[in-house]
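Colleague: Could you take me through one part of this model closely, a single strand and its surroundings, and explain how that part sits within the whole?

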Amino acid sequence: MVAGGCMCGNVRYEAGGESAASILCHCTDCRKIGGSAYSTNGVYDADQFKIIKGTPKQHKKNADGGNEIISNFCGDCGSTMWREGATFPGKRIVKVGTLDDTSILDNLTINAELYADTRPKWVGAQQGADQKKSMS
């Protein structure tokens, strides 16, 4: 089980089980939502994911891949904690930086890079990770 939440602590969540995958995404949406060059994501089963404190706000839009994606964020501090949508049915795409256990980042093995063709030139490809041109 992993736990995490927003920067101010008003929204908290737990995810059971192991992450099914660790994914870097270089799409425009992930860059904008995180304010960074890419996003680092863990994929967890929706049926083992629960909100334990607060109520996140949601923002829905059609993502770069064309499918609707829902971002769940804190209405007070603005931290995006997870995303969900048709591209990953039955899953929650957790922003790994919102997890409490920071050692998870140190021990992460990236399984795939999405939108690898748009990766910033100064960011190297992750060795052994699938290099995908889109979300699929």
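Modeller: Two strands are taken as paired if DSSP finds at least two bridges between them. On that basis this predicted model contains an open sheet of 8 strands in the order S6-S7-S8-S9-S4-S3-S10-S11, with mixed pairing. Strand S6 (57-62) and strand S11 (130-131) form the edges, and each has a single partner strand, so one side of each is left without a neighbour in the sheet.

The part I would look at closely is strand S8, which covers residues 80-85 and runs antiparallel to strand S9, residues 91-95, with 2 bridges joining them. Within this pair, Trp 82 stands opposite Val 94 in S9.

The largest nonpolar core has 14 residues, and Ile 23, Cys 25, Phe 88, Leu 114, Tyr 115 and Met 135 have the most contacts inside it. Strand S3 (22-25) and strand S10 (112-114) each supply at least two residues of this core. Apart from it lies another core, of 13 residues, which includes Trp 82 and Val 94 along with Cys 74 and Leu 99.

Arg 83 belongs to strand S8 and is buried, yet it has no salt bridge, as the nearest side chain of opposite charge, that of Asp 29, is 5.0 Å away, whereas a salt bridge requires the charged atoms to lie within 4 Å. What the side chain of Arg 83 does make is a polar contact with the side chain of Ser 71, at 2.9 Å.

The side chain of Glu 84 makes a polar contact of 2.9 Å with the side chain of Asn 72, and another, of 3.2 Å, joins the side chains of Glu 84 and Trp 82. Glu 84 and Ile 70 are 14 residues apart in sequence, but their C-alpha atoms are 5.3 Å apart in space. Not counting residues up to four places away in sequence, Glu 84 touches Ile 70 together with Gln 58, Glu 68, Ile 69, Asn 72, Lys 91 and Arg 92.

Definitions and conventions
Residues numbered from 1 in each chain as written. Predicted model: local features only at pLDDT ≥ 70, side-chain atom pairs only at ≥ 80, totals over all residues. Heavy atoms only, no water. Helix = DSSP H or I, 4+ residues; strand = E, 2+ residues; numbered from the N terminus. Buried < 20%, exposed > 50% of the residue type's maximum accessible area, 1.4 Å probe, protein only. Lys, Arg positive; Asp, Glu negative; His and termini not counted. Polar contact = N/O pair within 3.5 Å; in protein donor to acceptor, adjacent residues only side chain to side chain. Core = buried A, V, L, I, M, F, W, Y, C linked by side-chain atoms within 4.5 Å. Contact = heavy atoms within 4.5 Å.
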